[in-house]
Amino acid sequence: MAKPKKQPRPKAETPKGFRDYFGAEVTERAEMLRRIAEVYHRYGFDALESSAVETVEALGKFLPDVDRPNEGVFAWQEDAEGDKPGDWLALRYDLTAPLARVYAQHRNDLPTPYRRYAMGPVWRNEKPGPGRYRQFYQCDADTVGAPSVAADAEICAMLADTLEEVGIPRGDYIVRVNNRKVLNGVLEVMGLEEGEARDAVLRTIDKFDKVGEEGVRQLLTTGRKDASGAFIEGVGLSEEQAGPVLAFLTSKSEVTTETLANLRAAVGESQTGQEGVQELETIAELMAAQGYGADRVVIDPSVVRGLGYYTGPVFEAELTFEIFDEKGRKRQFGSVAGGGRYDDLVKRFTGQAVPATGVSIGVDRLLAALREKGRMGGEAQGPVVVTVMDRDRMADYQDMVGELRRAGLRAEVYLGNPKNFGNQMKYADKRGSPVAVIAGSDEFDCGVVQIKDLILGAKIAESATLEEWKERPSQFEVARSELVAKVREIIDGQGQ
């Protein structure tokens with residue numbers, strides 16, 4: 001009889017494009033989401049938690065840069081091998097497409113306008129890269145059913161408040177606002193209809209931040225060489241045709257009224273373009289009325305987001321402080337949030353246009369920004385560890401840890417093999433514990449406990465002389481009744 005083939009062990013590795021998050025990272029993200037939720041709630045938005053799985057049909061074709069609805073997502077078909085295969089399902093790629101489905105499904109039970117915020121992971125079946133994962137967190141707020149640009153202005157104000165709430169100070173960020181209608185007006189002036197030429201112009205406009213005015217001019221006309229020396233074919237427009245695009249992209253002035261005047265000139269007689277400029281003017285007035293000056297929210301024609309997605313105002317939150325990239329070069333941190341008006345998304349379900357506007361914050365990028373600023377990412381403090389010197393006194397150790405927890409202190413009893421006390425202290429060090437509580441038979445008999453300041457002990461061990469070690473003891477004997485008070489005193493002292 002043949003010997004059964006031994007099954008290979010599975011590899012203990014994270015799937016490509018995904019990662020695991022531990023302790024402090026999870027805690028920091030939870031704290032950030034809590035702060036963001038507080039701002040959203042303060043603005044009157046209600047929480048919504050929708051399914052992580054949607055039908056591919058419901059998700060639609062709004063995923064950026066793809067042509068088919070199940071391209072770029074993790075999708076599968078129910079009962080694919082059966083006689084009657086079921087629906088194609090997919091993990092959500094953002095939090096907005098599910099909102100459109102939820103609103104269309106429950107609109108008779110929801111208030112109008114409907115204001116909701118949602119937080120959670122989304123999934124993209126895209127090629128991963130440095131800092132680019134297939135699963136990441138988003139944090140959205142949207143208003144559905146409000147046609148007024150006051151809803152867009154409110155989102156911009158809320159975005160500014162949110163950044164400041166999580167620790168990005170004024171001066172380190174800017175919320176930039178544009179309007180898709182203005183861009184459409186420029187394209188009308190150029191005489192470009194829907195088609196390949198129009199799409200090529202839109203893609204070129206999106207490169208303005210990277211190549212600048214002259215680079216866009218070359219790409220719109222005859223072409224240009226990139227940094228590597230390779231020649232990139234131009235769109236083939238004449239200088240005259242390229243003029244309105246360049247006028248549009250360079251319309252920004254330090255004075256908002258001048259920017260708006262430049263945009264009016266760029267869109268010419270286009271009714272759509274003039275309507276877009278008027279909406280931007282209204283947003284600027286509403287922001288100023290609430291005290292949001294150009295140091296926080298600014299009209300900026302270079303903002304181009306989701307060209308096939310948005311129908312009106314678009315906005316982007318950019319962090320303006322400098323960081324060093326992997327090659328040691330200085331660069332701005334860049335965008336951490338974006339959004340805009342998308343009046344056609346719900347229409348896919350209802351057949352009727354439903355106005356909507358919203359914003360999405362990239363939680364992981366915002367966390368990375370705070371770490372760059374030194375406001376997150378320090379060593380996380382572990383729990384107080386109550387060591388075990390006598391197995392038979394486990395109830396007493398549990399009584400100690402219970403008392404510490406009831407006092408609001410994070411604490412645990414060592415639950416490994418207590419035979420080697422050195423291993424218990426190594427465990428406490430690995431956990432980042434600030435304090436260890438030590439009590440054996442002698443301590444219990446005398447009604448005392450030993451409390452070891454692990455942070456101070458580590459510092460003393462690094463550099464102190466014997467005399468300094470004697471002068472600055474890191475271990476204290478206190479009455480059992482003083483356990484909580486002494487532990488709190490040490491932890492408070494460590495934070496100073």
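I looked up glutamine 138 and found it buried, with a relative accessible area of 10% (buried is under 20% relative accessible area, exposed over 50%, partly exposed in between, with a 1.4 Å probe and protein chains only). Glutamine 138 sits in strand β6 (helices, H or I of at least four residues, and strands, E of at least two, are DSSP runs numbered from the N terminus). Setting aside neighbours within four places in sequence, I found glutamine 138 in contact with residues including Asp94, Leu95, Arg124 and Ser360 (contact means heavy atoms within 4.5 Å).

I noted what I was reading: this is a predicted model, where local features need pLDDT of at least 70 and side-chain atom pairs count only at pLDDT 80 or more, while totals for chains, interfaces and linings use all residues. Residues are numbered from 1 along each chain as its sequence is written, and side-chain values use heavy atoms, with hydrogens and water left out.

I checked the UniProt record, an unreviewed entry, which places the feature "binding site" at positions including Gln138, Arg124 and Asp94. UniProt positions are in the numbering used here, feature names are shortened, and annotations may be inferred rather than shown by experiment.

I went on to arginine 124, in the loop between β5 (114–123) and β6 (135–144). Arginine 124 is buried, with a relative accessible area of 14%. Its side chain reaches the backbone oxygen of tyrosine 93 at 2.7 Å.

Which salt bridges did I look up? A search of the whole structure finds 30 (a side-chain nitrogen of Lys or Arg within 4 Å of a carboxyl oxygen of Asp or Glu). Aspartate 152 and arginine 341 form one of them, with the closest N and O atoms 3.0 Å apart. This pair links distant parts of the chain, 189 residues apart: aspartate 152 is in helix α4 (residues 150–166) and arginine 341 in strand β12 (residues 330–341). Aspartate 152 is buried at 0% relative accessibility, and arginine 341 is buried at 4%.

I also found aspartate 161 and arginine 296 in a salt bridge (3.2 Å, N to O). Aspartate 161 lies in helix α4 and arginine 296 in the loop between α10 (271–289) and β10 (297–299), so the pair ties together parts 135 residues apart in sequence. Both aspartate 161 and arginine 296 are buried.

My last entry is on arginine 393 and aspartate 396, whose side chains meet in a salt bridge (2.6 Å, N to O). Arginine 393 is partly exposed at 26% relative accessibility, and aspartate 396 is partly exposed at 30%.

Key: Polar contact = N/O pair within 3.5 Å; in protein donor to acceptor, adjacent residues only side chain to side chain.
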